[in-house]
Every structure is written in structure tokens, then in C-alpha cells.
Amino acid sequence: MRRFLIDTDTASDDAVALVMALKYPDVKVEAITVVAGNVPLEQGVQNALHTVELTGVEAPVYSGLAAPL
């Protein structure tokens with residue numbers, strides 16, 4: 001079993017990748033961290049939460065920075 005921590009801005013392409021990782025049988029997504037990028041931080045967090053909910057897999061989602069350091 002491979003264990004992943006995924007850092008993302010959860011735009012549409014990232015949401016598809018999240019679904020693939022969350023549903024892959026040999027992958028355990030330990031956590032998802034969301035930062036601002038192609039979408040604002042708040043939208044990215046909502047997209048990640050919605051994606052996790054749709055897959056039915058338990059994975060915590062953490063909000064990161066809204067802007068680059």
C-alpha cells in the first residue's frame with residue numbers, strides 16, 4: 001500500500017487526479033492540503049471536500065495559504 005499526501009489547488013484537472021488517487025486500490029490518501037492557485041483558496045477547499053465526499057473515501061482536507069510566500 002502506497003501512502004500519499006496530496007498538495008493541490010483543486011482546479012478541475014486536480015479534482016480528476018484526486019478521484020483517481022482516492023479510488024486506486026493500492027493508494028491510501030492520508031491527507032489533502034489545498035493552496036490557492038488556479039482557483040481561490042476557499043473554492044479549492046470546497047472542491048476538495050466535494051471530491052472526497054463523492055468518492056466515499058475518508059481523507060482529511062486541510063486549508064493552506066491563500067497566496068504565495
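This is a predicted model: local features need pLDDT of at least 70, side-chain atom pairs count only at pLDDT 80 or more; totals for chains, interfaces and linings use all residues.
The side chain of T8 makes a polar contact with the side chain of D14, at 3.0 Å.

Most residues other than glycine have a negative phi, yet phi of T10 is near 50 degrees, a positive value. On the side-chain end, a polar atom of T10 lies 3.3 Å from the backbone oxygen of G44. Not counting residues up to four places away in sequence, T10 touches L18, V34, V39, G44, N47 and A48.

Now for the sheet. Strands of a sheet pair through backbone hydrogen bonds, either parallel or antiparallel. Here, three strands make up an open sheet in the order β1-β2-β3, and the pairing is parallel. β1 and β3 (61–63) are the edge strands, each pairing on one side only. On average, and ignoring direction, neighbouring strands of this sheet are turned by 20 degrees against each other. β1 and β2 (residues 27–34) run parallel and are joined by seven bridges. As for individual residues, F4 has V29 as its bridge partner in β2.

On to the helices. α1 lies across β1 and β2, and runs at about 150 degrees to β2. α1 also meets helix α2 (residues 41–55). Two packed helices are described by the angle between their axes and the distance between the axes. For α1 and α2, the axes come within 10 Å and cross at roughly 35 degrees, and the crossing is right-handed. On the α1 side, the contact is made by A15, L18, V19, L22 and K23, while α2 brings A48, T51, V52 and T55. Sorted by type, the residues of this contact come out as six nonpolar, two polar and one charged. Two of the residues in this contact, L18 and A48, are also touched by T10.

L41 counts as buried because its relative accessibility, 9%, is under the 20% cut-off. Not counting residues up to four places away in sequence, L41 touches V34, V35 and A36, along with S63, G64, L65 and A66. I6 gives another point of reference for L41: the two residues are 35 apart in sequence and 15 Å apart in space, C-alpha to C-alpha.

Key
Residues are numbered from 1 along each chain as its sequence is written. Side-chain values use heavy atoms; hydrogens and water are left out. A polar contact is a pair of N or O atoms within 3.5 Å; within protein, one must be able to donate a hydrogen and the other to accept it, and residues adjacent in sequence count only if both atoms are side-chain atoms. Contact means heavy atoms within 4.5 Å. Axes are lines fitted to C-alpha atoms, for helices over the stretch in contact, and angles run from 0 to 180 degrees between N-to-C directions. Helices (H or I, at least four residues) and strands (E, at least two) are DSSP runs, numbered from the N terminus. A crossing is left-handed if the near helix is turned anticlockwise from the far one by less than a right angle, and right-handed if clockwise. Ala, Val, Leu, Ile, Met, Phe, Trp, Tyr, Cys and Pro count as nonpolar, Asp, Glu, Lys and Arg as charged, and the others, Gly among them, as polar. Two strands pair if DSSP finds at least two bridges between them. Buried means under 20% relative accessible area, exposed over 50%, partly exposed in between (1.4 Å probe, protein chains only).
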